[in-house]
Amino acid sequence: MPTTLGSIRRLVLTPSFASVTFTKRGFPVTPSAATEHLKSIPQAVLCGFEWGIDTHDQWELEHRLNVVRPDLLGFAYEGATMACTVLDAMRGGTGRKTAELLNGPGAPHIFLAYIGIGFAMARLPRALWRKIVPDLEPSPYHPTMSWLAVDGYGFD
């Protein structure tokens with residue numbers, strides 16, 4: 001269940017759906033099945049972020065994310081990872097929520113999740129970056145794939 005503080009964070013921190021459209025970003029659009037699919041990707045990221053920033057616990061977040069179409073699920077986890085990273089940074093850089101997500105249900109989406117960490121970096125003061133990437137010791141991709149966070153920062 002969403003919390004009051006989570007709802008406030010969601011309202012303050014979440015970009016609008018309109019802000020991630022082709023039109024808003026200045027791209028010409030010819031309606032087609034491909035453009036509809038491409039349009040759904042940033043929307044899945046935003047949904048993952050909203051659910052991640054607003055839910056009380058990981059169980060609820062995981063169950064919300066499971067309603068996303070399988071072909072968009074990694075992008076929803078990218079948004080949820082971004083939210084968990086922001087929350088961890090706001091709590092002193094513990095990395096606990098992010099690590100719990102990525103060592104658990106987010107593990108199959110680890111590459112997009114690292115990009116979500118980078119998206120979070122773009123929204124956080126540089127002073128909070130030092131502890132932004134959690135220690136994912138059981139993962140064979142940590143710390144090698146941490147460079148994907150830099151990609152996420154650049155994408156933003």
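**Figure 1. Contacts of leucine 102 in the predicted model.** Leaving aside neighbours within four places in sequence, leucine 102 is in contact (heavy atoms within 4.5 Å) with Thr81, Ala107, Ile110, Ala113, Ile117 and Leu136. Residues are numbered from 1 along each chain as its sequence is written, and side-chain values use heavy atoms, with hydrogens and water left out. This is a predicted model: local features need pLDDT of at least 70, side-chain atom pairs count only at pLDDT 80 or more, and totals for chains, interfaces and linings use all residues.

**Figure 2. The largest nonpolar core.** Such a core is a set of buried Ala, Val, Leu, Ile, Met, Phe, Trp, Tyr and Cys residues joined through side-chain atoms within 4.5 Å. Buried means under 20% relative accessible area (1.4 Å probe, protein chains only). The core holds 36 residues; Leu65, Leu101, Leu102, Tyr114 and Leu124 touch the most other members. Helices (DSSP runs of H or I, at least four residues, numbered from the N terminus) H2 (33-54), H3, H4 (73-90), H5 (96-103), H6 (110-121) and H7 (147-155) each supply at least two residues. H4 gives the most, with 10.

**Figure 3. Helix H6 and its cover.** In H6, 10 of the 12 residues are buried, so the helix is largely enclosed by the rest of the structure. Among them are Tyr114, Gly116, Gly118 and Phe119. The cover includes H4, H5 and H7. At 1.5 Å times one less than the number of residues, H6 should span 16 Å; its end C-alpha atoms are 17 Å apart, which agrees.

Figure 4. Where pLDDT is low, the predicted coordinates should not be read in detail.

Key: Buried < 20%, exposed > 50% of the residue type's maximum accessible area, 1.4 Å probe, protein only.
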